[in-house]
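I opened this notebook to keep track of what I looked up, entry by entry. The sequence and the structure come first, and my notes follow.

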Amino acid sequence: MNQYPAWKYLLILVILVVGIFYALPNLYGEDPAVQVSAARGGELGDTIHGLVETKLGDAGITSKAIESTEQRLLIRLNNTEDQLTAADLLKEALGEQYTVALNLAPSTPAWLQAINALPMYLGLDLRGGVHFLMEVDMDAAVGKAMERYSSDLRTVLRKAKVRYLSIRDNGDKLSIKFRSAEDRDKGAELVHDEYRDLQLREVDDGTSFLLEVRLSENELRETRKLALQQNITTLRNRVNELGVAEPIIQQQGDRRVVVQLPGVQDTARAKDILGATATLEYRAVDIEHDVEDARNGKIPAGSSLYKHRDGSYYLLKNRIIVTGDQIINARSGFDQNSGSPQVSVTLDGKGARKMLEFTKESVGKPMAVVFIEYKSITRMVDGEPVITNRRVEEVISVATIRDVFGKNFQTTGLDSPQEAHELALLLRSGALAAPIRIIEERTVGPSLGADNIEQGFQSVVIGFCLVLVFMALYYKVFGLVADIALAVNLVLIVALLSMLQATLTMPGIAGIVLTVGMAVDANVLIFERIREELRNGNTPQASIHAGYAKALSTIADANVTTLIAAIVLFSFGTGPIKGFAVTLSLGIITSMFTAIMGTRAVINLVFGGRRLQRLPV
């Protein structure tokens, strides 16, 4: 009686060893580091590596190690003071072609990394990170909606053979100019039938027959709401591309979004990716008019003048074939013929149909790819900073259409593989429905996070030690066994958090403290049941067996109900609540294992198979 088979002891030993190995990386901490990455036009090579070493040496800064890859240079330093000094020094030395950012690099030994043993993530309140408050430019969202309607109305009027002179986009409204009142009436009727959410107003100035088109109040509200929702979705996708664990992305009001990125030290990179509004437009090249005439101010109706990256100019049709909004996938790579960087694009159904229709009509004609991004410019007005967005457009590629295509094709003309990679990332994660600007940025430093970690660690240690003392005094040898199981339980929780790469926050630490109490509660039920069996006159061996067997159902009921509550918290909660639910769930699972199977194994080894007169419980 009270003997486990060998395989159970082996199973417990294996779990314990694996848990120790995967919990170990959390003891090594992180090195303060400076990360250097190439911006557009920059290259990382031996020259930059040597320049960094020289600058650090001249400043008397000793680095622990310098790790170099194609995408970045990581300089590990001895303390945060050297980190800040090195960052300022390298920013000045390398200029705008390189991004210099602070980082925290895990110092896990290579032999642990080889088995994919990594430290757990820490939340914003523990590790530090960045907090952004971003505002969506709703005027630009309405402007983009009107731009889409402008293109669609041209197509609708042309297909219905309604004669019009021009369509002018005035930001919040469109002005359609007709030759006669009869043509305007036909156009108004057609637009009303096709787009019932548009408001129409006829305007006469004696010589022109105009039709003003505006969005209805309901459509305006819906456009702004969708712009905010699409931006939140896009930001989530971009954060996923950054690889941030447990980010918080929430709506605040009717035009603002809160983004919290725990553990992010490369704030420049985060701001570039989150705030970037780079997208593409595919337009037909106007080959019927002269570019030089357009440069001299004679721009024909229905076309616009664009500048190529190489300095040349092109006259492009205003009609947009497809935009970045209709791209559902993008992958960077290299063109097989020229070896230059390219982005392979996949369009959605609507975009594929538009591209197919256009290429059927335009084989042998050129098509241009326009790269568009919004750049924030800060100017001081009356002593106050005023941020405005400037739209930058440039042609990156002009190619002759050799064959009909629709859903899949390639875009070339990019400056570098890095730019191709970042453009693919932005297109893949989705274009922002409207530009956003960061109106508030807060950085939670590692020192504040360290204070929180110390306080959280102290709370766990104090609770743990009090429980250890109580169990040892009250339940004697059995209490010491429960203490061993409790220590193993903490190791297994840390190991599981590390293996799952979950994020530990202050509420998560509270979940661990609660788990410590619940794990002891299971042992208390078992040990009290054993005492009751002894008082009823059962033998020590029979009392041990009955104590574990009869207390199991009660322990299971209590833990399963708590686990259900934790799952509900995880499903419907956000941010810190999820962190609490994760540690609580993992703690329930590990405590069931250590408090029942673990303590039983130790007690079986110590007392099993022996003739006992009494039990030290």
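I began with a rule for charges and rings: a charge sits over a ring if NZ of Lys or CZ of Arg is within 6 Å of the ring centre and within 35 degrees of the ring normal. With that rule I found Arg531 over the face of Tyr474, at 4.7 Å from the ring centre.

Before going on I noted the ground rules. This is a predicted model, in which local features need pLDDT of at least 70 and side-chain atom pairs count only at pLDDT 80 or more, while totals for chains, interfaces and linings use all residues. Residues are numbered from 1 along each chain as its sequence is written, and side-chain values use heavy atoms, with hydrogens and water left out.

Next I looked up ring pairs, where rings of Phe, Tyr and Trp (its six-membered ring) pair if their centres lie within 6.5 Å, and planes under 30 degrees apart count as stacked, over 60 as edge-to-face and the rest as tilted. By this rule I have eight aromatic pairs.

For the chain as a whole I wrote down 16 helices and 22 strands, and of its 617 residues 45% count as buried.

I then turned to Ser332, which lies in strand β16 (residues 327–334) and is partly exposed, with a relative accessible area of 36%. Leaving out residues up to four places away in sequence, Ser332 touches Gln342, Val343, Ala420, His421 and Ala424, a contact being heavy atoms within 4.5 Å.

My last entry concerns Lys161, in the loop between α6 (138–159) and β7 (164–169), whose phi is near 60 degrees, a positive value in a residue other than glycine. Lys161 is exposed, with a relative accessible area of 74%.

Notes. Helices (H or I, at least four residues) and strands (E, at least two) are DSSP runs, numbered from the N terminus. Buried means under 20% relative accessible area, exposed over 50%, partly exposed in between (1.4 Å probe, protein chains only).
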